[in-house]
Amino acid sequence: MFKRIFSGVVIVSMLMVAFAGCGGQTTEIPMPETKNDQLLSQISKDDPDYYEQLARLAVDDIIANWWMEDEQKMMPTHTGISAENAVDPRGAIWERAMLLFPIYDMWQITGEEYYEKYLAAEAKAFRDNYNGPEMDIAAGNNNWAVDDCAWNSILFLMLYNVTGDEWFVERSINLLDDVVDRWYDSELNGLYYKDGVDFMALYEVGAAMSWLRLWELTGEQRFYDLAYRSYDGMHTRLVREDGIYWCEANIHWPVNGDIYNIHEGGSSSFLAGNMAMASLSAMFYRITGEQVYLDRVYATNEGLLKFYDNDGVLLNDRDAWTNGTFASVYAAEVLSLPGTEQMQTLLKNTADSIVRNARTPDGYYGGSWSGPADGSMSTWYSKGSVPRQSMTTGSSVQIVVAAAVLEAQPEHYTR
């Protein structure tokens, strides 16, 4: 057993632990009825749980469109579509993670068994279909670059939170240890993004968050040290004068270092990375009480308001497949602080716009958060991001769920 369990972990039932083992028996989980525009029209902004209702609708859309009832798991995807004919029909793990994060967050704020069942069944599917060593190798199958490894690690720790199965923690530790062995560079003071490149990337934030979570779970100082080194390296190498962060840099200069190159479909920065760095700053402020970290939170927020407020809706800049990943963490860790009211409003407005303007009639979600959901008038359509991709839908729904997290103001939020 781990030496210390962080107080934010939700205690899981014995039923969920039973789901995690390879031999566990599951009760079939039915798909929800697909939500439709008529239901959406019945939701009023005057409702005290307005954003929770939007989030329920959006998450039920994910389940209705991606849950495989016969196999009791999420549809494996490759490049966002069915992996049935892919080299590995089990699909890309991080792509499935983008669908599971919003479901997990709904479980976090509601505690409802309805969401827990899907997560526990998915954990069992992982245990049944993967062995440990194949998931532990950086640059191996499913772990091509730092972001894939980081997203997978986050998913493993999330499934541990649901099931209590330490196998998932072991996967996270082993994978991130291999990431360091393969990609850490002392001169860069960070991780190379992948094999064959000379730059680090803001996508490393997912690894920093995983290390901090591992420290909370185990109490082992090395995980705190790894988390801080990663955070400090990114801040030192990637921070801009306006408080937000470049997406990539080598030891000499930022890659694509045009400070104003932030627009839908392309950017020298990265919305999800900025949200994550602000969240990490807030976490280190909470841990240490040192003002410097709180100052960084507000500096990043000011930069986000300057560059990412697109007529009252957040700009989905460089990565419609992942930009929503850390929005719930950001809502819980950063937007719970005083002086963040403008960003709170911007996040809520974005969630509302996504459901009403970026949702297709059959419950898929596009990357142009001001709309339209699909077609040539959507900037992201020409960039290859379409609503029927698991990651595009998952990322956009994550923003909707983040607004529900903000509305709920949970005492503890743990990913």
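A cavity is a set of points, on a 1 Å grid over the protein atoms alone, where a 1.4 Å probe fits but cannot get out; lining residues have an atom within 4 Å of a point. This is a predicted model, where local features need pLDDT of at least 70, side-chain atom pairs count only at pLDDT 80 or more, and totals for chains, interfaces and linings use all residues. Residues are numbered from 1 along each chain as its sequence is written, and side-chain values use heavy atoms, without hydrogens or water.

**Cavities**

- The count is two cavities of 30 Å³ or more; a volume is the space filled by probe spheres set on points joined across faces, edges and corners.
- The largest cavity holds about 50 Å³.
- Val180, Tyr184, Gly190, Leu191, Glu204, Trp211, Leu226, Arg229 and Ser230 line the largest cavity.
- α9 gives the most to this lining, three residues; helices (H or I, at least four residues) and strands (E, at least two) are DSSP runs, numbered from the N terminus.
- The second largest cavity has about 30 Å³ of space.
- Its lining includes Gly366, Asp374, Trp380 and Pro387.

**Largest pocket**

- A pocket is an open set with protein on both sides within 12 Å along at least five of seven lines.
- The largest pocket has a volume of about 640 Å³.
- Of its 31 lining residues, Met283, Arg286, Ala332, Glu333 and Tyr413 are the closest to the centre.
- α8 (205-218) is among the helices that each supply at least two lining residues.
- With five residues, α8 has the largest share.
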